[in-house]
Amino acid sequence: MSEKLLSKKEVVKGWAKYYLCAEVSSGFERLTAPAFSFGMDPVLNKLYHENPEEYKAALRRHLMFYNSEATWGSMIFGISCALEEERANMVKAGASQEELEDSAELITNLKVGLMGPLAGIGDSVNHGMLRPLLLSLFIPLASAGSWVAGVAPLLIWVACISAFGYWLVTTGYSLGKKSVVNILQSGALNKLINIASVLGLFMMGALSSTYVKLQTVVSWSSVTGDPVLLQDKLDAIFPNMLPLLVVFGVYFYIKKRGPKYVRILLTLLALGLVLSFFGIV
């Protein structure tokens, strides 16, 4: 059994340095590798402090091109710490040069292999689903003019993703290279996505019915001379039919043409002005 050379506190401290700087230093040649290496530095110094050449080689290894979503990429950081610890034990045990090269190649290849899939999950779940859902919860407060709506989503978002990143890095370090496989096979990720999707549908439906307003002012006179409003007839058939049509129209446009939000906003604005000018809405 490999000797434990790192404490949980040291791993978390290194991760915090990486997590706070993940988007600070980013260039086309290495992208977020400088931040990853910066976080790994105290870990590598602890593991290879008796072997300066191994320490330098490890720093160069983690300065190679790297780019992943920071929160989900925290698991890669934890796995890298576990594999570097295993490699440090191999160095102390006098492993052959070939074994050490294979170990270094495993660390590099594992980072390269995982950074893309985890970035895709992180961008989809964290930024494409959870963040919009969180913001939508505070739209009623924002529309009422409450300053809390401008601060609370940011604070909750930071707290949630930081806590999740902490869990991922500690899980990654504890389970090593088996971490991602265990999480994916457990089905927990699919459950999270399904729950968030259902909740998101409820929220979007509630927000659409509450904040999308469209009424027609078209009217005519009955045989008795009383005014008849088209909107009253539509409400008798299907209340809020016009707002629902707008929502589904935008939805199908996004499905067919993609999320071209500026074009959608300008189109809705232009249609609103034209229909208002002709006295239709």
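What share of the contacts in the chain with a separation of 6 or more comes from residues 24 or more positions apart? Here it's 71%, where a contact means heavy atoms within 4.5 Å.

## The model

This is a predicted model, so local features need pLDDT of at least 70 and side-chain atom pairs count only at pLDDT 80 or more, while totals for chains, interfaces and linings use all residues. Residues are numbered from 1 along each chain as its sequence is written, and side-chain values use heavy atoms, leaving out hydrogens and water.

## The overall layout

You'll find twelve helices and two strands in the chain; these are DSSP runs, numbered from the N terminus (helices: H or I, at least four residues; strands: E, at least two). Of the 281 residues, 35% count as buried. Buried means under 20% relative accessible area, exposed over 50%, and partly exposed in between (1.4 Å probe, protein chains only).

## Salt bridges

The whole structure holds five salt bridges, each a side-chain nitrogen of Lys or Arg within 4 Å of a carboxyl oxygen of Asp or Glu. One of them joins Glu54 and Arg87, with the closest N and O atoms 2.5 Å apart. Glu54 sits in helix 3 and Arg87 in helix 4 (residues 74-92), so this pair ties together parts 33 residues apart in sequence. Glu54 counts as buried because its relative accessibility is 13%, and Arg87 is buried too, at 5%.

Lys56 also pairs up, with Glu53, at 3.9 Å between the closest N and O atoms. Both lie in helix 3 (residues 52-62), three residues apart, or about one turn of the helix. Lys56 is partly exposed at 43%, while Glu53 is exposed at 53%.
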